[in-house]
Amino acid sequence: RSEALQAQKGREDHHEENLRPKNLDDYAGQKELKAVLSLLVAAARHRSEPLDHLLFYGPPGLGKTSISLILAHEMGVNIHLTTAPALERPRDIAGLLVKLQRGDILFIDEIHRLPRITEEILYPAMEDFRLDITVGKGQNARITSVPLPRFTLIGATTRVGALSSPLRDRFGFIQRLRFYEVDELTGILHRNAQLLQIAIDEAGASEIARRSRGTPRIANRLLKRVRDYAQVESDGLITEPVACAALELFEVDPLGLDWTDRRLLQTLIEHYNGGPVGIESLAAATGEDSQTIEEVYEPYLMQIGYLLRTARGRMASAAAYRHLGYTPPQRFEQ
Ligand code: ADP
């Protein structure tokens, strides 16, 4: 599995728990988001009311779960974490809702994947704090309403466009998480190196940061890989040359692109003359899943201006040609 794919949650999740920032001060970057959230928390506390429902969106590993845990901490409330695929049947979500206490946060990851029937239970729950349950079957079926305490729903998604509008409209606040700057990632790496007792110097940390695709989860993962390398191949201290050599070995290039990123761009350039090409054709030609391309790979390639999303399909930019050692075609000269 490639590095970017591993940015999605996986088996390594439990290792992540000890690296999670515990409060807003430890949570690096996302300045605008933090400013708004601080205000919301202060206002809600002032009125002794729960927070309004929040929706966080952005690529995997940017800190949607972490910021939600911090919000619960700041509000002094419980948070219940779940993910849409675990809420297949109406009773799964009903079971969670009836357990909530006033002010509690219910966090639903991958909320764009909620089945329709589960989603429909959420509408009255979010809007009127009411759980409507159907009792009986056929002609005898009737709806019973159970009042719920006021709670906060936090939804997280990598695909805000895939949310139905009735669901999206019920969030009081919708916020995008952005990719992190190199200096922000460097700061995260120093903090985590200390927690994991890894020796790293300034240049070593910024080298890993530059190759982390603007994503803290990837930075953490690369840090552990480079530590292994440093312990075996040198004296354990992570310096710039050590980080470079290690990441070269793991096929993470100086821009943080991995094998799959390069293959996507190469396919675009070699098979489709730089595009435009539809996402499904690109997926078929590379053997990658189109949703994974859209949610995991594309956002960063677009961010660095290597991939363009146009009405007619995906295109490689002149910079992508150059990065991979190709000469950009004439059309880029105009
Ligand atoms: P998401 O929910 O968006 O997929 P997470 O909140 O699970 O991402 O973040 C993944 C990991 O990245 C966390 O365990 C944490 O170590 C690190 N991380 C994310 N955001 C930050 C941040 N702003 N500051 C420090 N570490 C972060």
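Tyr326 is partly exposed, with a relative accessible area of 23%, where buried means under 20% relative accessible area, exposed means over 50%, and partly exposed lies in between (1.4 Å probe, protein chains only). The structure is a predicted model, in which local features need pLDDT of at least 70 and side-chain atom pairs count only at pLDDT 80 or more, whereas totals for chains, interfaces and linings use all residues. Residues are numbered from 1 along each chain as its sequence is written, and side-chain values use heavy atoms, with hydrogens and water left out. Tyr326 lies in the segment after α14 (318-323), and, when residues up to four places away in sequence are not counted, Tyr326 touches Gln266, Ile269, Glu270 and Tyr321, contact meaning heavy atoms within 4.5 Å. Between Tyr326 and Val252 there are 74 residues in sequence and 19 Å in space, taken from C-alpha to C-alpha.

For the protein as a whole, 14 helices and 9 strands are found; helices (H or I, at least four residues) and strands (E, at least two) are DSSP runs, numbered from the N terminus. The C-alpha trace spans about 70 × 45 × 35 Å along its principal axes, and 50% of the 334 residues count as buried. Among contacts with a separation of 6 or more, 70% are accounted for by residues 24 or more positions apart.

The UniProt record, in an unreviewed entry, places the feature "domain: AAA+ ATPase" at residues 50-181, although such annotations may be inferred rather than shown by experiment. Over residues 50-181 the chain is 30% helix and 27% strand, with the end C-alpha atoms 32 Å apart. The feature "binding site", also placed by UniProt in an unreviewed entry, covers Leu19, Arg20, Gly61, Lys64, Thr65, Ser66, Glu127, Asp128, Phe129, Arg170, Tyr180 and Arg217. These positions span 199 residues in sequence, and the farthest two C-alpha atoms are 37.0 Å apart, so they do not all gather at one spot. One of them, Ser66, is found in helix α3 (residues 64-75) and is buried, with a relative accessible area of 9%; beyond residues up to four places away in sequence, Ser66 touches Arg20, Pro21 and Tyr27.

Two packed helices are described by the angle between their axes and the distance between the axes. The axes of helix α8 (residues 202-210) and helix α10 (residues 240-249) come within 7 Å and cross at roughly 30°, which makes α8 roughly parallel to α10, a term that applies to angles under 35 degrees. The residues in contact are Ala203, Gly204, Glu207, Ile208 and Arg210 of α8, together with Glu240, Ala243, Cys244 and Leu247 of α10.

Most residues other than glycine have a negative phi, and most peptide bonds are trans. Ser48, in the loop between α2 (31-46) and β1 (54-57), has a positive phi near 50° and counts as exposed at 55% relative accessibility. Gln197, which lies in the loop between α7 (182-195) and α8, has a positive phi near 55° and is exposed, with a relative accessible area of 76%. A cis peptide bond, with omega about 5°, joins Gly275 and Pro276, and Pro276 is found in the loop between α11 (259-272) and α12 (279-286).

Notes
Axes are lines fitted to C-alpha atoms, for helices over the stretch in contact, and angles run from 0 to 180 degrees between N-to-C directions. Angles under 35 degrees count as roughly parallel, over 145 as roughly antiparallel, 65 to 115 as roughly perpendicular and the rest as oblique.
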